[in-house]
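The following note sets out points for a colleague examining the structure shown here.

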Amino acid sequence: MPFCNCNASSLVLQRVTRSPEMATDADSRHLNRVVVTANLECYLPSAIELAIAIARSNNSGLHGLFIEDLDLLRVAGLPFSSEISLASGQVRILDSQQVTLGFNARSRHFRRSLLRQAEKSSLPWSYSKARGGKLSKALEESINAEFLVIGQSRGALNAAGTTRPGRILLIDNHSQRLFQALDVVLDNFIGLPFELLFVPRSSGISANTTELLSAKLSSHPQGRLVELNPESLPEVIRTPGAPISSVIVSRHQPELMREVLQHLSCPMIVVS
């Protein structure tokens, strides 16, 4: 995919659709809804499944947001723009019409997947499209949400369809919602070995946090708590090794989120 260092301004929200039977419930739960995002490149199933699990655990509505990447659209409008397929290695010419068609096709697929899984779980749901930066627009449109799940280019799923053993990255900001999200993620690791990589705030880890995390891992005998120095986090994110299956982080750490999105391919849970 071509690289663009554009500082693109976000455009207005384009469309919102709702399940007719569930519109009232979705509206009434607007302030505590769970938002899951998708874009042209992201892997959908693991992000949707994770968002639904979080919504169910919090008795919340679910909102799907498809983001049309404005940087990609602008690059496609430049002369001689091209992309290299990761699968085939073939080079193909990019143009705005082709990218727009891709947006529309991917958006329809995302909405169908959201509809099917939300209604299967009896969750109130809604859906919208927006154009802008993939992270900035996700944060802007989810400003009233408690949880934001950002899909990535590849999902951390194995052939059986469950989260494979690996590492969970939890970056602390003393928000109770971090631990609510962690409870949902840990449900995918029952009976599996994993590491919980905990990054405390620079001011240091509190005894209460240690006790809370230890209590959560007591029902996961194959889980191991690893405390990381905040200064070592960039190295951990960039170093190949055991896969990081999920990242849980506060929305008040946007630079850290950009770092995670650049180097990791797992779903990211952003809490308010």
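**Notes on the predicted model**

1. The structure is a predicted model. Five bridges join strand β8 (residues 167-171) to strand β9 (residues 194-199), and the two strands run parallel. Within this pairing, Ile168 has Leu196 of β9 as its bridge partner.

2. Strand β8 is mostly covered, five of its five residues being buried. The cover extends to both faces of the strand: Arg167, Leu169 and Ile171 are buried on one side, and Ile168 and Leu170 are buried on the other. Ile168, the residue bridged to Leu196, therefore belongs to a covered face of β8, as a relative accessible area under 20% is what counts as buried.

3. Ten salt bridges are present in the structure. In one of them, the side chains of Arg131 and Glu68 meet with an N to O distance of 2.8 Å. Because Arg131 lies in strand β6 (residues 125-132) and Glu68 in strand β3 (residues 62-69), this pair ties together parts of the chain that are 63 residues apart in sequence. Both Arg131 and Glu68 are buried.

4. The pairing of Arg131 with Glu68 should be read together with Lys129. Glu68, Lys129 and Arg131 are linked in a network of salt bridges. In general, side chains of opposite charge can pair when their charged atoms come close.

5. A further salt bridge is formed by Glu41 and Lys134, whose closest N and O atoms are 3.0 Å apart. This pair links distant parts of the chain, 93 residues apart: Glu41 is in the loop between β2 (34-38) and α2 (45-57), while Lys134 is in helix α5 (residues 134-141). Glu41 has a relative accessible area of 30% and is therefore partly exposed. Lys134, at 33% relative accessibility, likewise counts as partly exposed.

6. The closest N and O atoms of the pair are 3.4 Å apart.

7. On the surface, Arg108, Arg112, Arg116 and Lys120 gather in a patch of positive charge. Lys120 lies in helix α4 (residues 96-120). Its relative accessibility is 75%, so Lys120 counts as exposed.

8. Asn59, in the loop between α2 and β3, has a phi near 50°, a positive value in a residue other than glycine. Asn59 is exposed, with a relative accessible area of 54%. Ser122 is found in the loop between α4 and β6, and its phi is near 55°, again a positive value in a residue other than glycine. At 60% relative accessibility, Ser122 counts as exposed.

Note on methods: Residues are numbered from 1 along each chain as its sequence is written. This is a predicted model: local features need pLDDT of at least 70, side-chain atom pairs count only at pLDDT 80 or more; totals for chains, interfaces and linings use all residues. Side-chain values use heavy atoms; hydrogens and water are left out. Patches are made of residues with over 30% relative accessible area and no salt bridge: like charges are joined within 9 Å, nonpolar side chains (Val, Leu, Ile, Met, Phe, Trp, Tyr) within 5 Å. Accessible areas come from the Shrake-Rupley method with a 1.4 Å probe; for residues, only the protein chains shown count as cover. A salt bridge is a side-chain nitrogen of Lys or Arg within 4 Å of a carboxyl oxygen of Asp or Glu. Lys and Arg count as positive and Asp and Glu as negative; His and the chain ends are not counted. The place of a charge is taken as NZ of Lys, CZ of Arg, CG of Asp or CD of Glu. Helices (H or I, at least four residues) and strands (E, at least two) are DSSP runs, numbered from the N terminus. Buried means under 20% relative accessible area, exposed over 50%, partly exposed in between (1.4 Å probe, protein chains only). Two strands pair if DSSP finds at least two bridges between them.
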